[in-house]
Amino acid sequence: PRLGRIVVDPKREGVGGAPRESFSARLPSAMRAKHLKTRAMTLKEWAELSDDVRGELVDGILVEEEMSTQIHDAVLGYLFNFFWVWVFARGGLALPPDHKLGVAPRRGRKPDLSVYFATSRMAAAQESISYVPPDIAVEIITPRPKDARRDRVEKTVEYARFGVRWYWLVDPAVRTIEVLELGPRRRYTLAVSRCDGTLAVP
């Protein structure tokens, strides 16, 4: 792929005196993501990245997202349709994986699915990044150990502190669904789990 021009002189203007684009903005998406991983950024900068730059923000550094699989995407599609029909009829909103959450001053996450009830949907939908915790966050666990650790350990702590009321962990490999409910001390407890049959959620 073409790299385009790389402007070395930081004082040089673009064509016709137009403002010069930043170095990272001129790179193809894959190389741009690699370049961004080498420097710290704010939540605002992360929120304003184009959609083709994938990654979550951890301690101010862009890190790679989970490695998606066909079964992951199939389960996500089913759950998104289910939640969209259910919550939209009640005045709420279901948002896909590109919805960004500012879960801490230097941490940004993108759940596989974010569900907002009617009372919080407008605040969540107005900005490129939401500082309003969704009522439900869903993560579909993928086979890589680092991805499972991120969803089961890191995000469990982060979502609890952020105030996500229910955290769903869906594991297609072992065919389980776990629903964690936030307690008064910002800690999750297991509300319900199933490996077959019908799941009665809180």
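User: In this predicted model, how far apart are the closest N and O atoms of the salt bridge between Arg-150 and Asp-147?

Analyst: In this predicted model, Arg-150 and Asp-147 are three residues apart in helix H5, so about one helical turn separates them. Both residues are buried. Their side chains form a salt bridge in which the closest N and O atoms are separated by 2.5 Å.

User: Which residue forms a salt bridge with Arg-109, and which parts does the pair tie together?

Analyst: The closest N and O atoms of this salt bridge are 2.6 Å apart, and both Arg-109 and its partner Glu-158 are buried. Because Arg-109 lies in strand E5 and Glu-158 in helix H5 (residues 145–162), the pair ties together parts that are 49 residues apart in sequence. The partner is therefore Glu-158, and the parts tied together are strand E5 and helix H5.

User: Are Lys-44 and Glu-48 buried or exposed?

Analyst: These two residues form a salt bridge as well, with the closest N and O atoms 2.7 Å apart. Exposed means over 50% relative accessible area. Lys-44 has 56% relative accessibility and Glu-48 has a relative accessible area of 53%, so Lys-44 counts as exposed and Glu-48 is likewise exposed.

User: Asp-112 has no salt bridge, so which side chain of opposite charge is nearest, and how far away is it?

Analyst: Asp-112 lies in the loop between strand E5 (107–109) and strand E6 (113–116), and Asp-112 is buried. The side chain of Asp-112 reaches the backbone nitrogen of Ile-140 at 2.7 Å, and residues that Asp-112 touches include Glu-66, His-72 and Leu-76. A salt bridge needs a nitrogen of Lys or Arg within 4 Å of a carboxyl oxygen, whereas the nearest side chain of opposite charge to Asp-112 is Lys-155, at 6.6 Å.

User: What is the C-alpha to C-alpha separation between Ala-191 and Glu-178?

Analyst: Ala-191 has its place in strand E10 (residues 188–194), where a relative accessibility of 35% makes Ala-191 partly exposed. Ala-191 and Glu-178 are 13 residues apart in sequence, and their separation in space, C-alpha to C-alpha, is 7.8 Å.

Note on methods: Residues are numbered from 1 along each chain as its sequence is written. This is a predicted model: local features need pLDDT of at least 70, side-chain atom pairs count only at pLDDT 80 or more; totals for chains, interfaces and linings use all residues. Side-chain values use heavy atoms; hydrogens and water are left out. Helices (H or I, at least four residues) and strands (E, at least two) are DSSP runs, numbered from the N terminus. Buried means under 20% relative accessible area, exposed over 50%, partly exposed in between (1.4 Å probe, protein chains only). Lys and Arg count as positive and Asp and Glu as negative; His and the chain ends are not counted. A polar contact is a pair of N or O atoms within 3.5 Å; within protein, one must be able to donate a hydrogen and the other to accept it, and residues adjacent in sequence count only if both atoms are side-chain atoms. Contact means heavy atoms within 4.5 Å. Lists of a residue's contacts leave out its neighbours within four places in sequence.
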